[in-house]
Amino acid sequence: MEYLNEVLEKLKEKNNEPEFIQAAQEVLTTLKPVIDKHPEFKKMALLERITEPERLISFRVPWVDDNGQVQVNRGFRVQFNSSIGPYKGGLRFHPSVNQSIMKFLAFEQCFKNSLTGLPIGGGKGGSDFDPKGKSDAEVMRFCQSFMTELYRHIGQDVDVPAGDIGVGGREIGFLFGQYKKIKNAYEAGVLTGKGLEYGGSLARKEATGYGLVYFMREMLKNSGSGLKDKIVTISGSGNVAIYACEKAQQYGAKVVAMSDSNGSVYDPDGIKLDIVKQIKEVERGRIKEYADKVKTATYTEDKNGEKSIWKIKADIALPCATQNEINLESAKELVKNGVKAIGEGANMPTNLEAIEYFLSNNVLLAPAKAANAGGVATSALEMSQNSMRYSWTFEEVDQKLDCIMTNIFNACKKAAEEYNLGTNYVAGANIAAFDKISKAMIAQGIV
Ligand code: NDP
């Protein structure tokens with residue numbers, strides 16, 4: 001434990017980055033039994049190396065808004081670890097983006113990508129640009145300026161970005177167009193999440209949400225339970241939330257609530273997903289509008305940082321919005337209201353105290369690194385199809401995704417069992433992911 005603590009203390013001293021420290025602390029503390037078994041890691045400074053990004057790029061993104069006013073945002077790309085493949089991870093456009101959030105996401109991505117079993121390293125990027133309320137032309141000009149710097153740092157064998165919060169099909173299209181223009185080459189594998197007309201993969205849009213539910217299915221099955229007739233609440237109403245809802249409903253669960261950053265809707269009859277899709281995917285509206293359109297639904301505005309959605313009675317909760325959306329108070333509320341399983345669709349949605357609370361109250365917790373890996377796994381399948389210049393059918397991709405998620409669950413379970421950790425899949429996921437990355441890093445020497 002001494003080595004672990006030393007590394008953690010040094011990390012805290014060197015980095016005034018709360019989200020990154022939180023993510024590193026969560027991983028490092030769960031690796032204790034592995035580190036105890038391998039005293040040689042200290043001399044190799046393996047933990048110091050695994051927590052230091054290989055490269056961190058920060059750049060200016062100037063663009064002109066519809067009124068002719070010049071705006072300046074900050075762009076980032078964190079290339080964290082390339083020991084098992086080219087850097088891979090999404091781009092986030094959200095006003096909250098800063099270096100700490102970028103580093104936490106990139107760090108987590110390394111472990112997630114390792115779990116997929118596919119040859120992809122870890123990275124993440126984005127900007128504090130807020131696409132909300134911007135015209136298509138403004139979003140295009142921003143994306144073009146962002147790519148005018150980013151292009152020199154990425155490539156299909158170097159670093160392959162994708163979408164994340166605020167970056168969907170529209171943004172990926174603009175980014176890809178600018179990359180192609182600058183490079184004068186059709187390198188389809190440089191970005192994933194592309195439109196189907198220009199190199200995208202069927203089922204990529206659905207993959208993170210579907211994958212989350214496949215993982216939940218396996219986790220529940222292992223405890224003698226299932227999704228059928230379960231009451232489910234899902235935070236967020238973006239890409240991950242919508243397709244988690246779709247798959248949960250297909251398995252016979254009843255999803256009764258969804259949310260966005262302003263509040264939540266509760267529909268005891270079950271969420272009508274086609275209405276949510278219309279509001280969110282077509283009209284880019286607010287979840288509140290669901291309650292205007294559906295008589296059985298009610299809307300509650302979130303106040304003082306409290307999340308109304310976690311106060312609703314349910315068997316399963318799927319946080320699919322953003323980091324730290326479940327704190328200790330919400331965790332207590334969830335347990336009190338009967339929640340028996342949590343599936344993390346968002347990255348790091350549960351803070352450290354809340355994780356501890358769930359685990360000590362026998363709540364099954366499907367950790368983000370494992371449970372939401374379906375998106376990046378399908379991105380890697382998109383890269384495979386681009387390399388082959390060939391496309392698989394929806395069913396073929398979906399079946400591969402299901403198989404990958406089942407394998408990920410089994411890897412988490414096996415690692416947890418090997419170290420007598422019961423159903424602590426948080427530790428199981430970290431240990432299984434670390435095993436592959438550490439072996440690759442050691443094999444490649446001090447680089
Ligand atoms: P979207 O932008 O499609 O949707 C995000 C949703 O979360 C929206 O409903 C948004 O509400 C809400 N949200 C965002 N920020 C906040 C906030 N600070 N407080 C409360 N609600 C918020 O993003 P995705 O669905 O793609 O991503 C959701 C989560 O899943 C993120 O943590 C992301 O990193 C993670 N993830 C995504 C993957 C993917 O393939 N897309 C893959 C793996 C993980 P509003 O509209 O009000 O902002």
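In which sense, parallel or antiparallel, do strand β2 and strand β4 pair, and over how many bridges? In this predicted model, strand β2, which covers residues 70-81, and strand β4, which covers residues 122-127, pair in the antiparallel sense over six bridges. Within this pairing, R77 stands opposite G125 in β4.

The two strands belong to an open sheet of five strands, whose order is β1-β2-β4-β3-β5 and whose pairing is mixed. At its edges are β1 (55-64) and β5 (159-162), and each of these pairs on one side only. On average, neighbouring strands of this sheet are turned by 20 degrees against each other, direction ignored.

A further open sheet is built from seven strands. Reading across it gives the order β9-β8-β7-β6-β10-β11-β12, again with mixed pairing. The edge positions are held by β9 (298-301) and β12 (364-366); each has a single partner strand, so one side of each is left without a neighbour in the sheet. The partner of β9 can be followed in detail: strand β8, residues 263-266, pairs with β9 in the antiparallel sense over four bridges. One of the residues involved is G263, whose bridge partner in β9 is E301.

The description now turns to the ligand. In total, 26 residues surround the ligand, and the closest are D164, T208, S261, R286 and N347.

Several contacts can be described at the level of atoms. S261, listed among the closest residues, has an N or O atom in its side chain that is 2.4 Å from an oxygen atom of the ligand. The side chain of R92 likewise places an N or O atom 2.9 Å from an oxygen atom of the ligand. In the case of G166, a backbone N or O atom is involved, and it lies 3.1 Å from an oxygen atom of the ligand. Taken alone, the ligand exposes 880 Å², of which the protein buries 85%. Among the secondary-structure elements, those that give two or more residues to the shell around the ligand are α9 (204-222) and α10 (239-250).

Note on methods
Residues are numbered from 1 along each chain as its sequence is written. This is a predicted model: local features need pLDDT of at least 70, side-chain atom pairs count only at pLDDT 80 or more; totals for chains, interfaces and linings use all residues. Side-chain values use heavy atoms; hydrogens and water are left out. A residue is near a molecule or strand if one of its heavy atoms lies within 4 Å of it. A polar contact is a pair of N or O atoms within 3.5 Å; within protein, one must be able to donate a hydrogen and the other to accept it, and residues adjacent in sequence count only if both atoms are side-chain atoms. Accessible areas come from the Shrake-Rupley method with a 1.4 Å probe; for residues, only the protein chains shown count as cover. Two strands pair if DSSP finds at least two bridges between them. Axes are lines fitted to C-alpha atoms, for helices over the stretch in contact, and angles run from 0 to 180 degrees between N-to-C directions.
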